[in-house]
Amino acid sequence: MQIERLTKRFEPDAQPAVNNVSLAIDRQEFFALLGPSGCGKTTLLRLIAGFETADTGVIAIDGADMAGVPPYRRPVNIMFQNYALFPHMNVARNVGFGLRQERKPRGAVDARVVALLELVKMRALAARRPGQLSGGERQRVALARALAKEPKLLLLDEPLTALDRKLREEMRFELKHIHQRVGITFLMVTHDQEEAMSMASRLAVMNEGRIEQEGSPEHVYENPANRFVAGFLGAVNLFEGKVAGAEAGLLIVDSEAGRLAVAHSPLAAGTAVAVAIRPEKLRFMTARDTTTPNVLPGIVRTIAYRGEASTCQIELASGQLVRGTMSNGDGKAPVFLPGAALSLSFTPDAARLLQS
Ligand SMILES: Nc1ncnc2c1ncn2[C@@H]1O[C@H](COP(=O)(O)OP(=O)(O)OP(=O)(O)O)[C@@H](O)[C@H]1O
Ligand SMILES: [Mg+2]
């Protein structure tokens with residue numbers, strides 16, 4: 001699917017809900033669209049499905065321009081944020097609904113419904129009504145119904161948010177597995193960064209109607225393009241400062257936390273930048289070694305135990321609070337308690353430089 005320069009405004013003077021968005025998604029890809037509430041995710045899906053008309057821009061699916069094509073003629077299906085099942089129909093009838101509407105022969109409809117119920121592991125509950133199902137089971141039925149007409153592209157709007165945390169994590173794997181089996185392009189919307197990163201082969205981060213960055217989860221997490229992406233996709237510590245110069249192939253930044261060295265191509269002295277460092281890339285040290293670069297002395301303020309690791313808040317000499325992750329898997333690592341003095345450090349290639 002190709003989207004080119006798509007813009008949609010609901011009111012003439014309002015900010016566009018979708019602002020000049022271009023996106024190319026390959027066939028059979030699992031793509032995630034990630035962004036905060038109100039950034040335009042549902043609007044973008046509705047434009048693709050044909051429930052809204054764009055002011056400008058092009059949507060093409062499998063090379064065919066969708067301009068003027070009504071929703072029911074598009075090779076697309078959408079699973080809405082609140083996947084409304086028909087309460088008076090049992091599971092099998094819900095799944096077969098769209099096929100019966102198309103007046104497909106009864107035998108063909110029944111065979112397809114059985115295959116879909118097998119796929120989502122709901123065959124045993126085919127005679128139940130939605131009110132007699134758990135949230136996860138209802139979610140599976142909605143998925144089977146959305147797949148029934150064999151769309152080329154399946155749009156999933158927050159498919160897992162109605163589920164509790166444990167079920168949501170299980171369904172992540174199931175949805176991925178189903179995607180692999182059906183060979184359809186999935187475009188999933190979510191505001192959960194962990195969900196997007198663990199399920200999609202590529203993702204895009206959206207903000208205020210625009211796409212800020214797209215790429216593989218690893219690429220976007222490791223190389224965020226700007227402060228918004230860095231902060232939205234995972235936790236990050238930012239040290240605001242100015243470029244001081246270059247030394248031994250490293251860029252030197254004078255920041256609020258002191259002098260920092262970052263592996264980065266040269267930039268003009270005085271350029272305003274932020275040095276970004278992920279919590280898990282900070283090392284905890286007892287020694288107050290101030291001879292190596294990127295050593296930040298501080299005091300542990302709070303520790304939140306999370307099982308496999310603990311998240312710590314450390315107050316630096318400058319007063320800035322930073323976040324670090326202390327692994328609980330290694331019995332040899334030093335253990336710090338609130339109030340302990342320590343030094344944080346990071347290697348020049350663990351940090352990223354942000355200019356916007
Ligand atoms: N029919 C409409 N009329 C006017 N404004 C609308 C309409 N639909 C959406 N909007 C506005 O467009 C913007 C984007 O809305 P959208 O529903 O696409 O956000 P979203 O990213 O899906 O948010 P959420 O994560 O909360 O579902 C919002 O500011 C919203 O108020
Ligand atoms: Mg939405």
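**Helix packing and strand pairing**

A: H2 passes H4 in a right-handed crossing. The model is a predicted one, and the geometry described here is that of the prediction. Helix H2 spans residues 91-101 and helix H4 spans residues 135-147; their axes lie 7 Å apart, at a packing angle of about 25°. Because angles under 35 degrees count as roughly parallel, H2 is roughly parallel to H4.

H4 also packs against helix H5, which covers residues 165-182. Here the axes come within 11 Å and cross at roughly 20°. That angle makes H4 roughly parallel to H5. The handedness of the H4 and H5 crossing is right-handed.

H2 has a further contact, with helix H3 (residues 106-119). The angle in this pair is about 130°, and the axes are 9 Å apart. An angle of that value makes H2 oblique to H3. H2 passes H3 in a right-handed crossing. In general, the angle between the axes and the distance between the axes are the two quantities used to describe a pair of packed helices.

The strands come next, beginning with a sheet that contains S11. Five strands make up this open sheet, in the order S13-S12-S11-S14-S20, and their pairing is antiparallel. Strand S13 (258-262) and strand S20 (352-354) are at the edges; each has a single partner strand, so one side of each is left without a neighbour in the sheet. From one strand to the next, the twist averages 45°.

Within this sheet, S11 runs over residues 237-247 and is joined by six bridges to the antiparallel strand S14 (residues 272-277). One position in that pairing is Glu-240, which stands opposite Ala-274 in S14. S11 also pairs with strand S12 (residues 250-255), again in the antiparallel sense and over six bridges. S11 and S12 form a hairpin with two residues between them. Ala-248 is in that turn and has a positive phi of about 50°.

A further open sheet has five strands, in the order S15-S19-S16-S17-S18, with antiparallel pairing. Its edge strands are S15 and strand S18 (321-327), each of which pairs on one side only. The twist in this sheet averages 45° from one strand to the next.

S19 (residues 341-345) has partners that include strand S15 (residues 283-285), with which it pairs in the antiparallel sense over three bridges. In this pairing, Phe-284 stands opposite Leu-344 in S19. Strand S16, covering residues 295-305, pairs with S19 in the antiparallel sense as well, over five bridges. Val-295 stands opposite Ser-345 in S19, and the bridge partner of Gly-298 in S19 is Leu-342. As a general rule for a regular strand, side chains alternate between the two faces of the sheet.

At the level of the whole chain, the domain assignment gives domain 1 as 2-230 and domain 2 as 235-348. The C-alpha centres of domain 1 and domain 2 are 39 Å apart.

The residues around ligand 1 include a run made up of Ser-37, Gly-38, Cys-39, Gly-40, Lys-41, Thr-42 and Thr-43. Phe-10, Ala-17, Gly-35 and His-191 are also among the residues around ligand 1. Sorted by class, this shell has three nonpolar, seven polar and one charged residues.

Notes:
Residues are numbered from 1 along each chain as its sequence is written. Chains are lettered from A and ligands numbered from 1 in the order in which they are written. This is a predicted model: local features need pLDDT of at least 70, side-chain atom pairs count only at pLDDT 80 or more; totals for chains, interfaces and linings use all residues. Domain bounds come from an automatic or database domain assignment. A residue is near a molecule or strand if its C-beta atom, placed from the backbone, lies within 6 Å of it. Ala, Val, Leu, Ile, Met, Phe, Trp, Tyr, Cys and Pro count as nonpolar, Asp, Glu, Lys and Arg as charged, and the others, Gly among them, as polar. Two strands pair if DSSP finds at least two bridges between them. Helices (H or I, at least four residues) and strands (E, at least two) are DSSP runs, numbered from the N terminus. Axes are lines fitted to C-alpha atoms, for helices over the stretch in contact, and angles run from 0 to 180 degrees between N-to-C directions. Angles under 35 degrees count as roughly parallel, over 145 as roughly antiparallel, 65 to 115 as roughly perpendicular and the rest as oblique. A crossing is left-handed if the near helix is turned anticlockwise from the far one by less than a right angle, and right-handed if clockwise.
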